[in-house]
Amino acid sequence: MRLPILPEESTIPICDFSNWTDSNEPGSRENFLKTWDYAFRTFGFVMLVNHGLEKKYRALNSELELFFQLPLREKMTFRIAEEYGHGGYTPRGRENVSKTFFKTMKFSRPADAVESLVLSDHNVRGLPSIKNGYYNDQLLKTYRSLQSGLTELTFSVMELMAICLGLQRNFFFKFYEDKKTSTQDIRAAH
């Protein structure tokens, strides 16, 4: 199957976040806002680079690689429920996206060849930590570090959206009860 070639003007814009956060040049910040606004009005999303979370993503990925290399019986310690969607560890063969999609069509489809770990503070039993029987707290620490960075970035994004819409900078903040507590779960698929 050949994918269509998109015209150059269809290219998703790339926004360099450092032009917003680190620049003292008004033109640089103004161009960033124009690109941001155009991207969301035209495509609905943007490729954001230099957001400052690259090292945190790499650190978490390294810890997740170690987790997924563990024997199945050790990973199962962090399973919360038989069915998918409750956080924690889900072994291979439990997820089946095509079966969900084609439910009414009665297709017989194999389970997805994926195992996953949902890191969530909503159900801490599924978080690999010493408290839960894991051999260290490094995965937990790197998850929380990335989670914190994502929370900060989320509020920056809300501020940018408000500016582009001509609203007060903190307009969207009031829709979040506790601005210091992250609501992001991180799902790692392997």
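In what order do the three strands of the open sheet lie, and is their pairing parallel or antiparallel? In this predicted model, the three strands form an open sheet in the order β3-β4-β5, and the pairing is antiparallel. Residues are numbered from 1 along each chain as its sequence is written, and because the model is predicted, local features need pLDDT of at least 70 and side-chain atom pairs count only at pLDDT 80 or more, whereas totals for chains, interfaces and linings use all residues. Side-chain values use heavy atoms, with hydrogens and water left out.

The edge strands of the sheet are β3 and β5, each of which pairs on one side only; two strands are taken to pair if DSSP finds at least two bridges between them, and strands (E, at least two residues), like helices (H or I, at least four residues), are DSSP runs numbered from the N terminus. Neighbouring strands are turned by 15° against each other on average, direction ignored. Strand β3 (residues 88-90) is joined to β4 by three bridges and runs antiparallel to that strand, with T90 having S116 of β4 as its bridge partner. Strand β4 (residues 116-119) and β5 pair in the antiparallel sense over four bridges; here L117 has A188 of β5 as its bridge partner, and V118 has R187.

Strand β5 (residues 186-189), by contrast, has a covered face formed by I186 and A188 and an uncovered one formed by R187 and A189.

Helix α3 packs on the sheet, touching β3, β4 and β5, and its direction makes about 130° with that of β4. Contact here means heavy atoms within 4.5 Å, while axes are lines fitted to C-alpha atoms, for helices over the stretch in contact, and angles run from 0 to 180 degrees between N-to-C directions. Helix α3 (residues 54-68) also packs with helix α6 (residues 138-164), at an angle of about 150° and with the axes 9 Å apart. The two helices are therefore roughly antiparallel, given that angles over 145 degrees count as roughly antiparallel, under 35 as roughly parallel, 65 to 115 as roughly perpendicular and the rest as oblique. Residues making the contact include Y57, L60, L64 and F67 of α3 and L139, Y143, L146 and L150 of α6.

Elsewhere, S28 lies in helix α2 (residues 26-42) and is buried, with a relative accessible area of 17%. Leaving aside neighbours within four places in sequence, S28 is in contact with N19 and S23.

The structure holds zero disulfides, a disulfide being a pair of cysteine sulfur atoms within 2.5 Å. C15 is in no disulfide, and the nearest cysteine sulfur, that of C164, is 8.9 Å away. C15 counts as buried at 1% relative accessibility, and C164 is likewise buried, with a relative accessible area of 18%.

Key: Buried < 20%, exposed > 50% of the residue type's maximum accessible area, 1.4 Å probe, protein only.
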